[in-house]
Amino acid sequence: MLWLLFFLVTAIHAELCQPGAENAFKVRLSIRTALGDKAYAWDTNEEYLFKAMVAFSMRKVPNREATEISHVLLCNVTQRVSFWFVVTDPSKNHTLPAVEVQSAIRMNRNRINNAFSLNDQTLEFLKIPSTLAPPTDPSVPIWIIIFGVIFCIVIVAITLLILSGIRQRRRKNKEPPEVDDTEDKCENMITVENGIPCDPLDMKGGHINEAFMTEDERLTPL
Amino acid sequence: MEKARPLWANPLQFVFACISYAVGLGNVWRFPYLCQMYGGGSFLVPYIIMLIVEGMPLLYLELAVGQRMRQGSIGAFRTISPYLSGVGVASVVVSFFLAMYYNVINAWAFWYLFHSFQDPLPWSVCPLNGNRTGYDEECEKASSTQYFWYRKTLNISPSIQENGSVQWEPALCLLLAWLVVYLCILRGTESTGKVVYFTASLPYCVLIIYLVRGLTLHGATNGLMYMFTPKMEQLANPKAWINAATQIFFSLGLGFGSLIAFASYNEPSSNCQKHAIIVSLINSSTSIFASIVTFSIYGFKATFNYENCLRKVSLLLTNTFDLEDGFLTASNLEQVKGYLASAYPSKYSEVFPHIKNCSLESELDTAVQGTGLAFIVYTEAIKNMEVSQLWSVLYFFMLLMLGIGSMLGNTAAILTPLTDSKIISSHLPKEAISGLVCLISCAIGMVFTTEAGNYWFDIFNDYAATLSLLLIVLVETIAVCYVYGLRRFESDLKAMTGRALSWYWKVMWAGVSPLLIVGLFVFYLSDYILTGTLKYQAWEASQGQLVTKDYPAYALAAIGLLVASSTMCIPLVALGIFVLRRLKTGDAAPVA
């Protein structure tokens, strides 16, 4: 009698969890891709952890707080590593609707990933799309800030150059209009009238005419 | 008394200005493409021959004309013969067209530069779609770098007819680009002379850094070996020679009047022969140097994509046949495929259409030039490097330096004739003239920031300068050699610089170079006539790739107008001067 019951139970379980069964999901893990040398082997203990995580996710759904680890059934584990799982109700006769399982897994995807040190790409639930993390958008786009800084610097530089150019031109306009090329280079601003420097004579105390005053001996010696 | 003409503070500034002008974006994004298309290492043979036969003589000619006439292009040709001042006017018109569209590239470089300060780089990830379950559809079909270029930067429309509106982000960047150019040319040679120290030298620093980084990338040697392996049979292809000649011609920036303008600010006694040789050699070696960097980046990108492709195929097979994770590697892939095909024929035939044939050769074969290379291919390679923000900032900063250096030359070509002309410079100070030119170019350049702007950019890029420049330089050479007189010019140069003109230059100026230019001109004309309707590449958002379309009638009219407005200047101005003279002599005749 017990044998019959046992067979019945396993038969029912086998029916509930089958590839492509109603409300069943396929899971695919790529442990070696994710972890390389630190990859762990997939054994029954890992399967137990998986069942625990799924049960944990289901317990978070209202009305399903009584889900136990034994309600999660795994089957068809391949070398890949991939397998199918279903979640049954407490009576172990029916499987829970796929929509509920899907939403539960989606809510807790991060926790499940972290339990296995994997991510959305290496721990795949086929038919359960993962919510992609949106890119962080700062309130002001960064490029506008940098643009603003450079724009202001350039405007300030242009204004400075233009102003200094205007000042230079005004200074040049204050000189007499007929300025020769050679006198342009003249450092001292000497007023010119008829080509003769007009230094106030009392300032210099007279000019010495070098043509006549060659040496100290002004008078030829007798 | 005339004000003394502003001079370069020292000859080094002049050489740097010429290098900064000649070494531009074409060295980075056109030469590697040509090298790849026409036989890799063997392309260097026609390139160097054309450099010696065409590049150096024509460059020397332009510098000598500018230094001798000491005026911008219009004034210089008016001195040679008043009927030929049309050549100068044509140069200014072509320079104006170039300035309008070239600065848009700087605007795009600014855009990418500002976006390089983010983590992750915005062109490395696709944005999410509406319900956050996947990526944006257009981005999935194309790649994230293409999406960022076509959608985020250009917001391109499906065809040239759909104009769209001015996009404010590129418009702001264009405004900034023009402000930067204005800042550099504001004070004439005084400010330009200092800026060119940076715009000439900084790109080399970045190129050296990139060379070191590029050569150490995984897979760089694949690219280098593939590209530089000479394919000698391409030497027999006339297109290789024609493209070498064209590349030398346009790369040196002949015919725009910029070289004449720069040389006009030289001391009369400076040795322009030495400068011409130095500038042309540096320009060509920069092209070769830049292509080494580009090819190592190509190799890296191709190897990366190839390995990605292999990984995807392995994943597909692993998932379909539930093989052990990590079992399939690049080395046993073919074996396992064969085994699976025989062991599970039905399942294999199901999955077979999805298995891509990964080939390193086909990845390396994707030859790209122009904005596609700079903004799509390079960014794709950069996003896969470590510390990609740093490399991105360096790269776009280099593009900016190259672009601004060329813009300085262009604006000098426009401004020098304007400031030389007594009528204009007596009414307006040179800051105002520069400001006006920048303002007008910026306003018209806003056309290139509309949604169809990139298509108009391609029109300008392909047609505004090509035919006109060939004609201008041809007329220049003939004018100097035959109208002004080669002997007269030779004695002028000897009096100016104190050095005799070598026979080589005389032979080139009088014979070989004009013949070459006529040959190129005939080739281009026949090429345009034979192709019939001109076509362009439009971006199709739904397919995520480029499709070929025909230009509408008004675009063809615009192209014709572009070419005509510069080339017709030469005969029209000559005719105008002739008519004016006739009228003047007609007035004077009754007196005699």
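The domain assignment of chain A gives two parts: domain 1 covers 13-125 and domain 2 covers 137-169. Taken over C-alpha atoms, the centres of domain 1 and domain 2 of chain A lie 58 Å apart. The model is predicted.

**Chain A**

Chain A holds eight helices and six strands. From the N terminus on, the order of these elements is α-β-α-α-β-β-α-α-β-α-α-β-β-α. The table collects the overall values for chain A.

| Property of chain A | Value |
|---|---|
| Residues of chain A that count as buried | 28% of 222 residues |
| Contacts joining residues at least 24 apart, among those between residues at least 6 apart in sequence | 59% |

**Chain B against chain A**

How many residues of chain B are in contact with chain A? There are 34, and they meet 36 residues of chain A. The area buried between the two chains is about 3200 Å². Carbon and sulfur atoms give 65% of that buried area. The salt-bridge count between chain B and chain A is one. Glu431(B) and Arg169(A) form a salt bridge through their side chains, at 2.9 Å, N to O. Residue 169 is also where domain 2 of chain A ends in the assignment.

**Helix H15 of chain B**

Helix H15 of chain B spans residues 333-343. Leu333(B), Val336(B), Lys337(B) and Leu340(B) are its buried residues. Seen down the axis of H15(B), these residues fall within an arc of 105°, so they line one face of the helix. What do the buried residues of H15(B) pack against? Their partners are helix H14 (272-321) and helix H16 (345-351) of chain B. The face of H15(B) turned away from the buried side carries exposed residues: Glu334(B), Gln335(B), Tyr339(B) and Ser342(B).

**Thr229(B)**

Thr229(B) sits in a loop of chain B, between helix H11 (220-228) and helix H12 (238-251). Is Thr229(B) buried or partly exposed? The relative accessible area of Thr229(B) is 44%. Buried means under 20% and exposed means over 50%, so Thr229(B) is partly exposed. Leaving out residues up to four places away in sequence, Thr229(B) touches Gly39(B), Gly40(B) and Gly41(B). Gln335(B), from the exposed face of H15(B), is 106 residues from Thr229(B) in sequence. In space, Thr229(B) and Gln335(B) are 31 Å apart, C-alpha to C-alpha.

Key:
Residues are numbered from 1 along each chain as its sequence is written. Chains are lettered from A and ligands numbered from 1 in the order in which they are written. This is a predicted model: local features need pLDDT of at least 70, side-chain atom pairs count only at pLDDT 80 or more; totals for chains, interfaces and linings use all residues. Side-chain values use heavy atoms; hydrogens and water are left out. Buried means under 20% relative accessible area, exposed over 50%, partly exposed in between (1.4 Å probe, protein chains only). Helices (H or I, at least four residues) and strands (E, at least two) are DSSP runs, numbered from the N terminus. The arc is that of the directions from the helix axis to the C-beta atoms. Contact means heavy atoms within 4.5 Å. Domain bounds come from an automatic or database domain assignment. Buried area is the accessible area (1.4 Å probe) that two parts lose on being put together, summed over both. A salt bridge is a side-chain nitrogen of Lys or Arg within 4 Å of a carboxyl oxygen of Asp or Glu.
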